[in-house]
Amino acid sequence: IYSAADPAGPWSDGVRVDVKGIDPDLAWDENGDCYLTFSGLNVNEDLSGHQAITQVQINLETGEKLEEVRSLWQGSGGMFPEGPHLYKIGDWWYLLTAEGGTDRGHLVAFGRSRSIRGPFENNPNNPVLTARSSNSSVQNKGHGDMVQLVDGSWAMVFLGVRTRGLTKGYSPLGRETFMTPVEWVDGWPVGQNIEADPAEKSPAFEDDFHASGLNLEWIGVRRFPEEFAEFAEGSVTLRGEGRDLDHSLPTYLCKRQQILLGTFTAKLQVAGRAGISVRYNEDAHYDLEVSEGKIYARFRVVGMTTESEALELPAGDQPIRLYARFWQTEFAFNAARVSPDQIELGYQAADGTNVVVANYDGRYLSSEVNSSFTGRAIGVYCVSGSVQILEVSEPA
């Protein structure tokens, strides 16, 4: 637990609370006593070691446990109760939980008690928010957190995924944050099962690197961009370190993919082996690479790698525009329509036309295939030599 007198810092070095579990939540009772509530999980055992919602009173200054860790609530009946949050509203303590696993059975449930220490009674109308067994455009709804707005109304932020494809089986962007209004019914909060608005565009992204510093949307893999990207007004330079996208520490300047359909474009000056990549992790990425006057695409998915035929690039030392286009077939009941999207990789010729190098099935870069929450990243990488990034765009 880290503490500070001001959110801007300085922050303490932190104190350790020796408990076994995940998703810690802090709450204080009327006496100012602090309680740590969490999902009990003995990680040294199999899943039968899951201990539902547990709690312990602690000393915030030292991290000392002031009592034995005890079971607080078994949840509403969904598997793996986790993500607890405690709220004192009126005369009741409300305990929010996430249950049902983090996939299609995910849900938000509530219990309540007169005491922060329980026992908690189950809301007879649980779950208060879920997309299970529904055709909702937002699936895996769970891990909520309540907040009261300035006008006195209530809302809940929660996690979910926007699924795509004929069977809505794949979520390329991974978990995203949503918010829904909350109504109070018979003393219990109820969230509305909101849908994703198809007319709502993703925020546009453009960067010509003329700002005073690197845009904070840029990220690296297991290190900050400043550790490997050389920023100068009008460009960013990456220098290869001999590591490709299979490596756990690639030279890869990227951002989270935010568009479901559309085109990511990067204008590059390549002096070595470099290109753009749509990446999920070390085992799953689609690359478009320029090397020695040629361009080719690479399909890498869990132990299987294929490369397209290399195309000759026009002679000359000119910048090149590489793109990744995310598109979907319409009104076709075939394998491509089942996928969340198709990912077309190519470059822009001198006359402005797009030259397609490869087209890959997007389902393999999804949360469901990769058993992960994070979603795709897209950006520029360099294996050897250098690449100068001049412009990047991801229009809404």
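Strands here are DSSP runs of E of at least two residues, numbered from the N terminus. This is a predicted model, where local features need pLDDT of at least 70, side-chain atom pairs count only at pLDDT 80 or more, and totals for chains, interfaces and linings use all residues. Residues are numbered from 1 along each chain as its sequence is written, and side-chain values use heavy atoms, with hydrogens and water left out.

β15 (residues 229–232) and β16 run antiparallel and are joined by four bridges; two strands count as paired if DSSP finds at least two bridges between them. Within that pairing, A232 sits opposite S235. β16 also pairs with β26, again in the antiparallel sense and over four bridges, and there V236 faces I389. Four of the five residues of β16 are buried, where buried means under 20% relative accessible area, exposed over 50% and partly exposed in between, using a 1.4 Å probe and protein chains only.

Take L268: beyond its neighbours within four places in sequence, its contacts (heavy atoms within 4.5 Å) include I276, L322, V387 and I389.

Now for the aromatics. The structure holds eleven aromatic pairs. Rings of Phe, Tyr and Trp (its six-membered ring) pair if their centres lie within 6.5 Å; planes under 30 degrees apart are stacked, over 60 edge-to-face, and the rest tilted. Two of the pairs look like this:

| Pair | Centre to centre | Angle of planes | Type |
|---|---|---|---|
| Y94 and W188 | 6.0 Å | 85° | edge-to-face |
| F209 and W218 | 6.2 Å | 25° | stacked |

Y94 is in β6 (residues 92–99) and W188 in β13 (residues 188–191), so their pair ties together parts that are 94 residues apart in sequence. Y94 is buried at 4% relative accessible area, and W188 is buried at 4% too.

Elsewhere, four strands form an open antiparallel sheet in the order β1-β2-β3-β4. β1 (21–28) and β4 (70–73) are the edge strands, each with a single partner, so one side of each has no neighbour in the sheet. β2 (residues 34–41) and β3 (residues 50–58) pair over seven bridges, with C34 opposite I58. C34 is buried at 4%.

What about disulfides, meaning cysteine sulfur atoms within 2.5 Å of each other? The structure holds zero of them. C254 is in none, and its nearest cysteine sulfur, that of C382, is 14 Å away. C254 is buried as well, at 2% relative accessibility.

Methods: Disulfide = S-S within 2.5 Å.
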